[in-house]
Amino acid sequence: MKENKITGGIILFNDIHNKKDTASSRIRGDWLIKYWDGLESYVYGKRYSFLIFQKAYITEYIKCYDGIKILDLCDPDWRNLDPIVEIIQEVDAVTVSSEQLQKTVQTFTDKPVVFIPDRQDLEYFKERKIHKGKAKEVCWYGYSHNAHVLKAIKPYLVKYDLGISIISDEPIILSDDQYKLKELFTKWKLETVNSEIIKSDIVIIPGSKNPNSRFKSDNRTTNAWALGMPVATSIEELERFLDPLERQKETDEKLKLVKEKFDVRQSVEEYKQLIERIQNDKTN
């Protein structure tokens with residue numbers, strides 16, 4: 001049953017830091033608002049029965065707000081921001097975007113720590129890849145400071161005669177004296193990123209030695225799956241996906257999984273259940 005009035009607000013990382021778009025605020029904020037009649041982007045001075053602080057570490061306001069309050073963590077920010085642990089003690093619950101974040105946060109609080117995965121707005125994925133012929137190009141997308149993970153795959157791009165499409169915030173050049181690659185850089189834009197991704201045949205998400213990588217969600221993977229793109233995280237998978245039949249088989253399976261497990265409307269229901277649980281705890 002739909003709610004007939006706004007009862008809750010969400011304070012977004014984007015708004016706090018005056019950013020146009022970040023994945024976390026889009027996935028864990030804007031897309032929740034779209035499918036939740038009782039939630040809106042926070043309006044200053046308005047009274048709400050609950051607030052979600054999406055990577056919004058406003059210590060004094062969190063302390064004084066007397067409604068239900070939930071802190072949404074999608075990064076190990078306690079490493080760089082001292083108030084995080086203090087803030088967690090002031091909220092009723094913490095939501096996190098990965099199981100590793102959940103396990104870690106649970107070690108320093110007895111508050112409920114709920115894993116709500118990054119999920120996708122399936123209406124955002126208007127296009128689907130149809131796989132034909134041997135793979136000719138792979139695609140990597142992400143922030144440029146994470147592009148170091150691509151170094152290890154350069155010899156395999158040469159071996160299998162694969163070009164690489166890089167979609168990022170800043171230009172990245174992989175070719176060097178040893179490896180001359182067929183590479184294309186495209187500036188990341190929300191309006192065009194999906195159509196750029198499906199121009200390639202395989203999305204690659206190599207493993208990272210960065211200790212923070214274990215805390216990351218799999219939103220890039222599910223984004224690719226929603227487009228009908230296979231995701232190679234190893235050389236073995238890259239080799240398998242050279243075959244169009246293997247690519248199509250993989251994407252048919254994973255697209256079904258996305259629809260069943262990674263629809264953002266499921267996240268809305270999980271938040272509602274958490275808020276109901278908190279309400280019950282407060283009244284009992």
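1. Two strands are taken to pair if DSSP finds at least two bridges between them. On that basis, this predicted model contains an open sheet of five strands in the order 9-8-7-10-11, and the pairing in this sheet is parallel. Strand 9 (183-187) and strand 11 (231-232) form the edges, each pairing on one side only.

2. Val138 stands opposite Ile164, the latter in strand 8. Helix 8 (residues 219-226) lies across strand 7, strand 10 (202-204) and strand 11, and its direction makes an angle of about 135° with strand 7.

3. A further open sheet is built from six strands, arranged in the order 2-1-3-4-5-6, again with parallel pairing. Its edge positions are taken by strand 2 (39-41) and strand 6 (113-115), each of which pairs on one side only. From one strand to the next, the twist averages 25°.

4. Ile10 stands opposite Ile52 of strand 3.

5. Helix 2 lies across strand 1, strand 2, strand 3, strand 4 (68-73) and strand 5 (93-96), running at about 160° to strand 1. Helix 11 lies across strand 3, strand 4, strand 5 and strand 6, and runs at about 140° to strand 4.

6. How many cavities of 30 Å³ or more does the structure hold? There is one, and the volume of the largest cavity is about 30 Å³. Its lining consists of Ile27, Arg28, Leu32, Ile116, Pro117, Ser267 and Tyr271. By class, five of the lining residues are nonpolar, one is polar and one is charged.

7. Which helices each supply at least two residues of that lining? They are helix 2 (23-35) and helix 11 (264-283). The largest share, three residues, comes from helix 2.

8. Side chains of opposite charge can pair when their charged atoms come close. The model holds 23 salt bridges. One of them joins Glu86 to Lys63, with the closest N and O atoms 2.5 Å apart. This pair links distant parts of the chain, 23 residues apart: Glu86 belongs to helix 4 (residues 83-88), whereas Lys63 belongs to helix 3 (residues 59-64).

9. Lys111 is located in the loop between helix 5 (99-105) and strand 6. Leaving aside residues up to four places away in sequence, Lys111 touches Ile88, Gln89, Glu90, Val91 and Asp92. Where does Lys111 stand relative to Arg247? The two residues are 136 residues apart in sequence, and their C-alpha atoms are 43 Å apart in space.

Definitions and conventions. Residues are numbered from 1 along each chain as its sequence is written. This is a predicted model: local features need pLDDT of at least 70, side-chain atom pairs count only at pLDDT 80 or more; totals for chains, interfaces and linings use all residues. Side-chain values use heavy atoms; hydrogens and water are left out. On a 1 Å grid over the protein atoms alone, a cavity is a set of points where a 1.4 Å probe fits but cannot get out, and a pocket is an open set with protein on both sides within 12 Å along at least five of seven lines; lining residues have an atom within 4 Å of a point. Grid points are joined across faces, edges and corners, and a volume is the space filled by probe spheres set on the points. Helices (H or I, at least four residues) and strands (E, at least two) are DSSP runs, numbered from the N terminus. Ala, Val, Leu, Ile, Met, Phe, Trp, Tyr, Cys and Pro count as nonpolar, Asp, Glu, Lys and Arg as charged, and the others, Gly among them, as polar. Axes are lines fitted to C-alpha atoms, for helices over the stretch in contact, and angles run from 0 to 180 degrees between N-to-C directions. Contact means heavy atoms within 4.5 Å. A salt bridge is a side-chain nitrogen of Lys or Arg within 4 Å of a carboxyl oxygen of Asp or Glu.
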